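Let's take a friendly walk through a protein model, from its overall build to a few of its residues. Have a look at the picture first, then read on.

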Amino acid sequence: MDLLIDVILRAGRSAVELSFFILLPVMIVMVSLMRLLEARGVLDWVVARITPALRPLGLTGLGGFAALQINFVSFAAPVATLAMMDQRGASSRHLAATLAMVLAMAQANVSMPMAAMGLQFGPLLAWSVVGGLVAAAATYYIFGRGLSNTEESVDETLHHPVAESAKGVLDVINRAGAEAFKIAVGALPMLVLSLTVVLALRRLGALDLLTRLLAPALLAIGADPALLLPTLTKFLAGGTAMMGVMDEMLRAGTASIATLNGASAGLLVHPLDIPGVAVLLSAGRRVAAVWRPAALGALVGLAVRMGGHMLLA
């Protein structure tokens, strides 16, 4: 019993430090910046300029806005945009391409805090964009070519608060701060539970045994055995849980900065996991209906991202 209490307390302390001293400050600054740019109309201007270049890849202006949200706000931010596309009559083919792009890109609520751990944010962002665009094109032209291409006259106007005065700016910052706080607090339960399981398994020697058993097979395909635990955690419990596990591994010396910036940057930093998919599919019935072609396209984009990071390693 003493062992269990010690493990829970250590996991709780690590989760609180990660959530409130790394995740929260980063998210407050970045979400506030994004919301201010949105309120001042800067993002509208950017989306209008990049839309012509995105259309050949199967994306619309709202798809471009979703790309900005996933890379600079959080994995849940594009839900509102996907719901807007669903409600405004975007074709199923465009919905699938946009969902695939989001699933293949790096989510800001993981990538930005992990930059404080040593993750190189610039290369990650560049390959995130490349992988997301490849995923969208693969879905639009290959995996989703059989989906309906019929769409209504889609209103791509972005509805959001404006900041035309000091009070407006302050309101936007306050709302962004509340949004960032919600993200940080919402990550705590999964962080505590995942770290408790990881520390308990480590104390019992189960992780070392599992790594020894699977190491030959992983080395045979060129994979790092150290990535086994964060990979399992990521796909079962999501990106924030993986971030907590990776932080613990870095502290314990079982993972390195090189590990963080290798193929794992493409393998682990994206919302294509059980919690991430569940959240994104809540955007609407038609969004949920196209998850299969979107997931296949996202896998192509993730393969491109992993290959890109391996080239840089």
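## Before we start

A residue is called buried when its relative accessible area is under 20%, exposed when it is over 50%, and partly exposed in between, using a 1.4 Å probe and protein chains only. By that rule, buried residues make up 51% of the 313 residues in this protein.

This is a predicted model, in which local features need pLDDT of at least 70 and side-chain atom pairs count only at pLDDT 80 or more, while totals for chains, interfaces and linings use all residues. Residues are numbered from 1 along each chain as its sequence is written, and side-chain values use heavy atoms, with hydrogens and water left out.

## The overall build

The protein has 16 helices and 0 strands; these are DSSP runs numbered from the N terminus, with helices (H or I) of at least four residues and strands (E) of at least two. Its radius of gyration is 20 Å, close to the 20 Å that the globule rule gives for 313 residues, so the protein is as compact as a globular protein of that length. That radius is taken over C-alpha atoms, and the globule rule is 2.2 Å times the number of residues to the power 0.38.

The C-alpha atoms fill a box of roughly 60 × 50 × 35 Å along the principal axes. A contact means heavy atoms within 4.5 Å. Among contacts between residues at least 6 apart in sequence, 82% join residues at least 24 apart.

## Two nonpolar cores

A nonpolar core is a set of buried Ala, Val, Leu, Ile, Met, Phe, Trp, Tyr and Cys residues joined through side-chain atoms within 4.5 Å. The largest one here has 45 residues, and M114 and M246 have the most contacts inside it. Among the elements giving two or more residues to this core are α1 (2–39), α8 (166–204) and α11 (239–252).

Which residues does M114 touch, not counting those up to four places away in sequence? They are L119, M242, M243, M246 and L260. A second, separate core of 33 residues includes A67, A100, A104 and A136.

D224 sits in the loop between α9 (206–220) and α10 (228–237). Is D224 buried or partly exposed? At 31% relative accessibility, D224 counts as partly exposed. Its C-alpha atom is separated by 9.8 Å from that of G262, 38 residues apart along the chain.
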